[in-house]
Amino acid sequence: MKAFRPLHGAVSLLIDQRTVFKIISLFACLLIVFIASAALGDIKFSPVVAFQTIFGFGDPFQHMVVYSFRMPRILVALFAGAALAMAGAILQGLVRNPLASPDLIGMTAGGSAAVTAFLAIFSDKSNALTVSIGWLPLAAFIGAAVTALLVYMLAWKNGLSPIRLILIGIGLTAAMKAVTTMMMIIGPIYQASKANMWMTGSVNGSSWSDVLMIAPWTIISLVAVMMAGRHLNMQQFGDELAIGAGARVERQRIFFLVLATALVGGAVAFAGGIGFVGLMAPHIARRLVGSHAGGLIPATALIGAILVMLADLAGRTLFLPLEVPAGVFTAAIGAPYFIYLLFRTKG
Amino acid sequence: MTIGKSVTLLLIGTAVVVVLMAASVVYGYTDTTWKGVYDSFTAFNGSNEHLVIQTVRIPRALIAACVGASLAMAGVIMQTLMKNPLASPDILGINSGAGFFVVLGLVMFGISGNQSITWLAFIGAGVAQLLVFVLGSAGREGLTPMKMTLAGAAIGAMFSSMTQGFLVFNEAMLDQALFWLAGSVEGRSLDLLLSVLPYLTVGVFGALLIAGKLNVLSMGEDIARGLGLHIGFTKIVASILIVLLAGGAVAVAGPIGFIGIIIPHIARSWIGLDHRWLLPFSGLLGAALLLVSDIAARYMIMPQEVPVGVMTAVIGVPFFIHIARKGEKSR
């Protein structure tokens, strides 16, 4: 497709200086949260020690704690948060409804359903998986994609109405939850508790191999979204204006939907169904840098990453020795925020 | 709709529910016969078959009928109250509110016993209903039906995610809580039903009593006010009835979805908009649907059972999507 080729001036990011400054500040926040996450936990370090250890100047014990236990989950939280947030920003732009988010239109639930189905179907009697766990992300991605496709098809009726899209999403979310419950009951109990963690969303037990899979996935998508940002701007104006201005609305919409699905699938596969990030992050970002995609997308990604990292940090430090899944915190903040948004938006 | 026709529909509905209850007693994993059921009443001999019938199947059939009827009637009241065709105890988060409080009690405070579970469910349903009510009437216009549905979905998501969070604290409870959370009428004792029955009865009769007022309310608030209806009072009474019906149903069977949303629509298309007929007929249809779902749930993955909440979702989701698609056209 011609539109995605970064040649003949197709890439115009149009970011003004203040936005650049704000994004740099957000990045600084991200680094602070990152170091705090590396420092805090069951065993506490000072920020300075954590900082040194990250750059390889810690003693072996510190190195092991930070590099083997904390870094993988921090990074997975970072990328999953960024991915979910970007997916939310894309969806909100696409359906021109500030209330859209990957969890509300059922993509997260679809991913979770596929994951539990995978765990239930490919487990033998002794709870061991019969196939490589490496296929799990693919299952999550397929689940999210199938749900997104279903929502899109069912909501299609002489064009796409944003409201119908979300309503159908709510319906399919319920269907996917039923599938999830069913799979958890069929599967062995051990898997049920694992699947339960998954549904709520947690980065507990992430490994470096997870990071190596989710990182490129998210970064490539981020670059793709940035390049296509100006089409997203166009989509936000509505079909009539966008078509009038020469945009191939349907084709671009499908491209963005695929991209959003890829982002959600990746995040769900590694971090589970962390809710409300895809809803909150774009809103906070929009207040900071405005709704222009060039600044909005990176700001959204940074805020999403910060939110999930903080939720994970809270989950593993507040209730020691227990671990609360990060998704509980994002939902506890996100749902009231969502309702506040409902009151604020007109129409 | 003539009165004669409505009465006929109600009678047919009653007959169907009775037949389904009988079928629910007879069919299942343990083979029983119609004759065995009859004998277990007239000449109880303590055999395995008779024990299963008396202690498992009959409570189960009664619970399914009561829960189905309560959920459907709660759905009718909600849809009228909210002027929203998609309103129902599960979509607006009432069920998950009740579920959250029950799990909170079970897992965090070690509460057990039928009475306390019942009360926890009522508190949860009440809190969620209050949230929905406040959200629906805050501001001059309140929320539009569409936004109300979204707010309800958010409330539901919040409660269920917190429920899962609390389950992490106590993995031993997980399996038990999961089956309860999925919604099931299996393995519930008759005592549990009996402890809730007074509230359900009040809910059902209360609903029938305010049926006329709901008719007036459904014409729109301005007309209702013009006709002399005390709107605030009616709404509060209706909300309390919803809490009684939905909270009671959840206390017995866990959050069972979609009965409250699809039955009112089917009932309306058959018997019309008059709540005096609509409410009892919805109750009958709700009972019938839950009985059918429960029987089907036994045969889906024999010898295991599917939670009946999964079955109702399988039936309900296509219907929900149908309403969502149709609803757009009329706007």
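What follows is a short chat about a predicted model with chains A and B.

Student: What should I know before I start reading residue names?

Tutor: Residues are numbered from 1 along each chain as its sequence is written, and chains are lettered from A in the order in which they are written. The model is predicted, and local features need pLDDT of at least 70, side-chain atom pairs count only at pLDDT 80 or more, and totals for chains, interfaces and linings use all residues.

Student: What is pLDDT, and what is the mean for chain A?

Tutor: pLDDT is the predictor's confidence in each residue, from 0 to 100. Chain A averages 80, and 87% of its residues score at least 70.

Student: And chain B, what mean pLDDT does that have?

Tutor: Chain B has a mean pLDDT of 82, with 93% of its residues at 70 or more. For the complex, the predictor gives an ipTM of 0.76 and a pTM of 0.81.

Student: Where is confidence lowest and highest among the helices of chain A?

Tutor: The lowest mean, 64, belongs to helix H7 (residues 189-200) of chain A, and the highest, 90, to helix H13 (residues 293-317) of chain A. Helices here are DSSP runs (H or I, at least four residues), strands are runs of E of at least two, and both are numbered from the N terminus.

Student: How many helices and strands are in chain A?

Tutor: Chain A has 14 helices and zero strands. Of its 347 residues, 54% are buried. Buried means that 20 or more other C-beta atoms, placed from the backbone, lie within 10 Å of the residue's own; 12 or fewer is exposed, and in between is partly exposed. Of the contacts in chain A between residues at least 6 apart in sequence, 79% join residues at least 24 apart.

Student: Pick a helix. Which residues of H2 in chain A are buried?

Tutor: In helix H2 (residues 47-54) of chain A, they are Ala50(A), Thr53(A) and Ile54(A). Seen down the axis of H2(A), these fall within an arc of 100°, so they line one face of the helix. The arc is taken over the directions from the helix axis to the C-beta atoms.

Student: What do those buried residues pack against?

Tutor: The buried residues of H2(A) pack against helix H1 (17-39) and helix H3 (60-94) of chain A. After H2(A) comes Gly56(A), with a positive phi near 90°.

Student: Which residues other than glycine have a positive phi?

Tutor: Phe276(A) is one of them, with phi near 70°. Phe276(A) sits in the loop between helix H11 (249-271) and helix H12 (277-289) of chain A, and is buried, with 32 other C-beta atoms within 10 Å. In chain B, Phe258(B) has a positive phi of about 75°. Phe258(B) lies in the loop between helix H11 (231-253) and helix H12 (259-271) of chain B, and is buried as well, with 29 other C-beta atoms within 10 Å. Most residues other than glycine have a negative phi.

Student: New topic. Where is the kink in H14 of chain A?

Tutor: At Gly334(A), shortly before the proline Pro336(A), H14(A) has a kink of about 25°. The bend at a residue is the angle between axes fitted to the seven residues ending there and the seven starting there. Gly334(A) is also among the buried residues of H14(A), which include Phe329(A) and Phe338(A).

Student: And how many residues of each chain meet at the interface?

Tutor: 40 residues of chain B are in contact with 42 residues of chain A. On the chain B side, the elements giving two or more residues are helix H6 (145-169), helix H7 (171-182) and helix H14 (308-330) of chain B. H6(B) gives the largest share, 17 residues.

Student: Last one: is Leu217(B) buried or exposed?

Tutor: Leu217(B) counts as buried, with 23 C-beta neighbours inside 10 Å. Leu217(B) belongs to helix H9 (residues 211-217) of chain B. The C-alpha atoms of Leu217(B) and Leu81(B) are separated by 7.6 Å, although the two are 136 residues apart along the chain.

Methods: Contact = placed C-beta atoms within 7 Å.
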